[in-house]
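Okay, thanks everyone, I'll keep this short. Let me put the sequence and structure up, and then we'll walk through a couple of spots together.

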Amino acid sequence: MGERPAAFLEVNGVSAGYNRVPIVKDVTIQVGLGEIVLIMGPNGAGKSTLVKSVIGELPALTGDLKLDGKGITSLGEEDRVMQGIGYVPQVRDVFPPLTVQENIEMGGYGFKGADLKEREEEVYGLFPQLTRYRKRQARTLSGGERKMLGIARALMTRPRLLILDEPTANLAPLIAEKVLQGIVAAGADQGRAVLLIEQRVSLGLGVASWGYILTDGQLRMEGSADELRAIPDLGKLFLGRGNAHELATEKAGK
Ligand code: ADP
Ligand code: MG
């Protein structure tokens, strides 16, 4: 219990925010190869902000980041992609007017010929249901299919670290489960490191092996999925939509 692989992504004491005002404060997390790591927390906790500092969209105001032991703190977004970071944003994860095939080709921008073909077949192999929609515009896909496409697109670069920001937001529970299973197949089963932000705590803990809880931009708790699942009222304590407010007012002493 609690055994983890060596860290592949290391986030050490990172603070990040907007206009130099930190939202995320002094956060330290790790993700190992073959591991699915979950970040949970109420709306506004800073989960997306943290991820933006990992992909290089936001600078780290303090702390540093390493990938496979190499410092990436000063690298821009493009260079971090080159180093093996793949990212599926919560929204704008596909180009709606383009076809499925075109979206996948965009994900493989820069790759050519047989290499490109091989990558395409690899991602269609992971999401076979996309194969028959190759010529359909992405905007005509269902929510679940569209998210699969967003993931397939991100996998074209063969990232060693795959980051997904709330991939099941707005999906029906059964579809959410299918998408998460697809992530397992596309992620940890392939030996990748996966960092997953998920509001559906029990579904998320069902696929992840380790979890972190973020509230008010700070890390509150971490543990194995089993340890976290065993905490009574975990959702009530930290995660419920209404609880963000409760925690904030409690802290302010109101
Ligand atoms: P989460 O993903 O956990 O819901 P976010 O990281 O999106 O939380 O947001 C954390 C805080 O940062 C919120 O208070 C939000 O209003 C603020 N925030 C998010 N994006 C921006 C932005 N572009 N500019 C300024 N503040 C932002
Ligand atoms: Mg978010």
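Predicted model: local features only at pLDDT ≥ 70, side-chain atom pairs only at ≥ 80, totals over all residues.

Now for the polar contacts with the ligand. At glycine 44, a backbone N or O atom sits 2.7 Å from an oxygen atom of ligand 1. Alanine 45 also uses its backbone: a polar atom there is 3.2 Å from a ligand 1 oxygen. With serine 48 we're on the side chain, where a polar atom lies 2.9 Å from an oxygen of ligand 1. As for how covered the ligand is, ligand 1 by itself exposes 570 Å², and the protein buries 56% of that.

Where is it? Leucine 75 is in the loop that runs between β5 (70-71) and α2 (77-82). Its relative accessibility is 24%, so we call leucine 75 partly exposed, given that buried would mean under 20%. If you skip the neighbours within four places in sequence, leucine 75 is in contact with Arg80 and Gln83. And if you want a sense of scale, take arginine 139, which is 64 residues away from leucine 75 along the chain: their C-alpha atoms are 33 Å apart.

Key
Residues numbered from 1 in each chain as written. Chains lettered and ligands numbered in written order. Heavy atoms only, no water. Helix = DSSP H or I, 4+ residues; strand = E, 2+ residues; numbered from the N terminus. Buried < 20%, exposed > 50% of the residue type's maximum accessible area, 1.4 Å probe, protein only. Contact = heavy atoms within 4.5 Å. Polar contact = N/O pair within 3.5 Å; in protein donor to acceptor, adjacent residues only side chain to side chain. Areas by Shrake-Rupley, 256 points an atom, 1.4 Å probe, with all protein chains shown as cover.
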